[in-house]
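Please read these notes with the model open beside you.

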Amino acid sequence: MKQNNILLAGLMLITSMSAFAKVGDLQQEVKIKAVSQTADIKNNQIIFFGPVEVTQGSIKIHADQLRAFSAEGENSKILVATGNPATYSQILDDGRPASASAKEIRYEMATRTLTLTGSATLDQAGSQVTGNLIRYDIIQQKLIAESTGSGDDRVITIIQPDNYQEELKNQPADKPVKKQDSK
C-alpha cells in the first residue's frame with residue numbers, strides 16, 4: 001500500500017512540472033508502460049525498466065528507466081527518469097508544444113523542482129535553452145542553466161520572434177520557414 005501511494009503521488013505530481021500544463025491533462029489517469037518493474041518496499045522505491053512510457057493526457061515521458069522513491073528519513077517523493085536521452089513533452093493550454101530532454105530528468109515533489117542533467121534541453125514553441133544542467137523551480141518560475149565551463153561548452157538560449165508561430169501556421173507543409181533578417 002505504501003509503495004502504491006508513493007508511485008501514484010509521484011506520477012500525479014510529475015505532470016505538474018509545467019505551470020502551463022493543460023488543465024485537462026492533470027485530470028487524466030496516469031499510465032505507465034514498461035518492460036518490467038521491481039519494488040523495494042523496505043526502501044520505499046519502485047523502479048520501472050524500459051523502455052518506459054508515462055502518459056497523462058498530452059503529457060508524455062519516455063525513459064530507459066524510471067525510479068520513484070522517498071529520500072531516507074523524509075516524506076518527500078522524488079522521480080528520476082534516465083535515458084539516452086529521457087524526454088518529457090506536452091501540449092500547452094494555448095496549443096503550443098513544450099518539451100525537455102536530458103540524460104536524467106529529476107523531479108523533487110516537496111520543492112517542486114525539475115532538474116535536467118547531461119545534454120539538457122528545454123524547448124517551448126521553438127524557443128530553447130540548452131546546457132549541461134537546467135534547474136526549474138516550478139513554484140517561483142525561476143530557471144537556472146549551467147554549462148560545464150570547460151572548452152566551448154556554454155549555455156545557449158534561442159528566442160524566437162513573436163510572429164514565429166504564425167509563420168509556421170501560414171507556411172505550406174512543403175516549404176521551409178523563412179529566416180528573419182538580422183540587419
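1. Ground rules. This is a predicted model, in which local features need pLDDT of at least 70, side-chain atom pairs count only at pLDDT 80 or more, and totals for chains, interfaces and linings use all residues. Residues are numbered from 1 along each chain as its sequence is written, and side-chain values use heavy atoms, with hydrogens and water left out.

2. Confidence. The pLDDT is the predictor's confidence in each residue, on a scale from 0 to 100. The protein chain has a mean pLDDT of 77. In this chain, 72% of the residues reach 70 or more. Confidence is lowest in helix H1 (residues 2-14), with a mean of 40. It is highest in E2, at 95. Helices (H or I, at least four residues) and strands (E, at least two) are DSSP runs, numbered from the N terminus.

3. Stretches to treat with care. Over residues 1-20 the pLDDT is below 50. That stretch still has 55 contacts in the model beyond near neighbours in sequence. A contact means heavy atoms within 4.5 Å. Residues 176-183 also stay under 50. For them the model has 9 contacts beyond four places in sequence. Where pLDDT is low, the predicted coordinates should not be read in detail.

4. Overall layout. The protein chain has 2 helices and 10 strands. Along the sequence the pattern is α-β-β-β-β-β-β-β-β-β-β-α. Of the contacts with a separation of 6 or more, 41% are between residues 24 or more positions apart.

5. Burial and surface. How many of the 183 residues count as buried? The share is 34%. Buried means under 20% relative accessible area, exposed over 50%, and partly exposed in between (1.4 Å probe, protein chains only). The protein chain exposes about 11,000 Å². Carbon and sulfur atoms supply 50% of that area. Accessible areas come from the Shrake-Rupley method with a 1.4 Å probe; for residues, only the protein chains shown count as cover.

6. Pairing around E3. Two strands pair if DSSP finds at least two bridges between them. Strand E1 (residues 31-33) runs antiparallel to E3, with 3 bridges. Here Ile32 stands opposite Val54. E2 and E3 are also antiparallel, joined by 5 bridges. Ser36 faces Phe49 of E3 in this pairing. E3 and E4 share 10 bridges, again antiparallel. Gln45 has Phe69 in E4 as its bridge partner.

7. Two hairpins. E2 and E3 form a hairpin with 4 residues between them. Asn44 sits in that turn. The hairpin of E3 and E4 has 2 residues between the strands. There, Gly57 takes a positive phi near 60°.

8. Core. The largest nonpolar core holds 25 residues. Such a core is a set of buried Ala, Val, Leu, Ile, Met, Phe, Trp, Tyr and Cys residues joined through side-chain atoms within 4.5 Å. Leu66, Ala81, Tyr88, Ile105, Leu114 and Leu116 touch the most other members. E3, strand E4 (59-70), E5, strand E6 (97-108), E7 and strand E8 (127-137) each supply at least two residues. E4 gives the largest share, 5 residues. In soluble globular proteins, nonpolar side chains tend to be buried together.

9. Cis peptide bonds. One joins Gly50 and Pro51, with omega about 25°. Pro51 is found in strand E3 (residues 45-56). Another runs from Asn84 to Pro85, with omega near 0°. Pro85 lies in strand E5 (residues 77-91).

10. Asn44 has a positive phi of about 55° although it is not a glycine. Is Asn44 buried or exposed? Asn44 is buried, at a relative accessible area of 13%. Ser119, in strand E7 (residues 113-124), has a phi near 50°, also positive in a residue other than glycine.

11. Thr121. This residue is placed in strand E7. Thr121 counts as buried, at 18% relative accessibility. Leaving aside neighbours within four places in sequence, its contacts include Ser99, Ala100, Leu116, Gln128 and Ile134.
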